[in-house]
Amino acid sequence: MKKQNFNLHTHTYRCGHAIGKDIDYIETAIKAGFNILGFSEHIQYRINNGKYNRINFEDFKSYFEIINKLKNKYSDKITIYCGLEAEYFPNAIDDLLELEPNCNFILLGQHQGGLNNKKYCLKCDDRDVLQYAEDIENALETGLYSIVAHPDFFMNTRNKWNKECIRASEQICLAAKKHNIPLELNIKGSYGNKKFIENSMCFPYPFREFWEIAATVENDVIYGWDAHKPDDLFRKTNNIDPIIKDLNLHFINDIKNCLIHE
């Protein structure tokens, strides 16, 4: 597969755990050979304002205005899209509905969820794995999300792959297939720390067994750089290539199915 010429997973200083300004990412994306760059700042729902490293809800107006100005400024060099990365919280869906008209796309990044707003990045036991899959399926039913970011994120704190993981992965892949939503192979995850899972040293995500299921279901797949500093856009897929070797994944180059508004 030739290099993917678009990235729709980009964060900036606004989220509180990334560095770099919008223009730094745009200039780097051009140098790295991208034709399309999508910004996807983490949403801080009103119920959580100030609790997490996210852009505060009241700052989104400025975010949308600035990115739209940059779209016009760089229109002869690169196509820029403005979006969000958002968890699915049923009790905060009105916030997302309020922001959605301003977005070209919305990534579903379910870092936390369930009834108790549990952080899946801290602990994900068998029950949590199934809840994670349930969250994603319910999120896709809303029609608000256009990409599932790092769908295998539930492996981040686990040291084993079992029947619950298989069941959850099938549920996620089938839900994405039903709604024609691409799954993201997360490049940032392949530059993280390896750990022992089932007595093998590997990245928690992307996790091969998940993508075996995605290949069987024939999900649409894209790469997401999940950039948290401008130079992340220079990262290659080399670390992912061995993970997905010989898998018949359906990579897409046309992002029309990734967009909710042009």
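User: Which residue follows α6, and is its phi positive or negative?
Analyst: E218 follows α6, and its phi is positive, near 70 degrees. Helices (H or I, at least four residues) and strands (E, at least two) are DSSP runs, numbered from the N terminus. Please note that this is a predicted model: local features need pLDDT of at least 70, side-chain atom pairs count only at pLDDT 80 or more, and totals for chains, interfaces and linings use all residues. Residues are numbered from 1 along each chain as its sequence is written, and side-chain values use heavy atoms, with hydrogens and water left out.

User: Where is E218, and is it buried or exposed?
Analyst: E218 is in the loop between α6 and β11. With a relative accessible area of 52%, E218 is exposed. Buried means under 20% relative accessible area, exposed over 50%, and partly exposed in between (1.4 Å probe, protein chains only).

User: Why remark on that phi?
Analyst: Most residues other than glycine have a negative phi, and most peptide bonds are trans. E218 is not a glycine, yet its phi is positive. D226 is also a residue other than glycine, with a positive phi near 50 degrees. D226 lies in the loop between β11 and β12 and is buried, at a relative accessible area of 4%.

User: Which peptide bond is cis?
Analyst: The bond from Y205 to P206 is cis, with omega near 0 degrees. P206 belongs to the loop between β10 (200-202) and α6.

User: Back to α6, then. What do its buried residues pack against?
Analyst: The buried residues of α6 (residues 208-217) are F210, W211, I213, A214, A215 and V217. They pack against α5 (163-178), β8 (183-186) and β11, where contact means heavy atoms within 4.5 Å.

User: And which residues of α1 are buried?
Analyst: In α1 (residues 22-31), the buried residues are D22, Y25, I26, T28 and A29. Their packing partners are β2 (36-42), α2 (60-73) and β3 (79-86). Just after α1, G33 has a positive phi of about 95 degrees.

User: What does F234 touch?
Analyst: Apart from neighbours within four places in sequence, F234 is in contact with T28, K31 and A32. F234 sits in the loop between β11 (220-224) and β12 (250-251), and is partly exposed at 38% relative accessibility.

User: Changing topic: how many aromatic pairs are there?
Analyst: The count is 13 aromatic pairs. Rings of Phe, Tyr and Trp (its six-membered ring) pair if their centres lie within 6.5 Å; planes under 30 degrees apart count as stacked, over 60 as edge-to-face and the rest as tilted. Y63 and F64 form a tilted pair, 5.3 Å centre to centre with 40 degrees between the planes. Y63 is buried at 0% relative accessible area, and F64 is buried at 5%. One aromatic cluster is formed by F34, Y223, W225 and F251.

User: Which residue lies over the face of F203?
Analyst: K194 does, at 5.1 Å from the ring centre. The rule for a charge over a ring is NZ of Lys or CZ of Arg within 6 Å of the ring centre and within 35 degrees of the ring normal.

User: Finally, where is Q44, and is it buried or exposed?
Analyst: Q44 is in the loop between β2 and α2, and is buried at 1% relative accessibility. Q44 and D95 are 51 residues apart in sequence and 9.4 Å apart in space, C-alpha to C-alpha.
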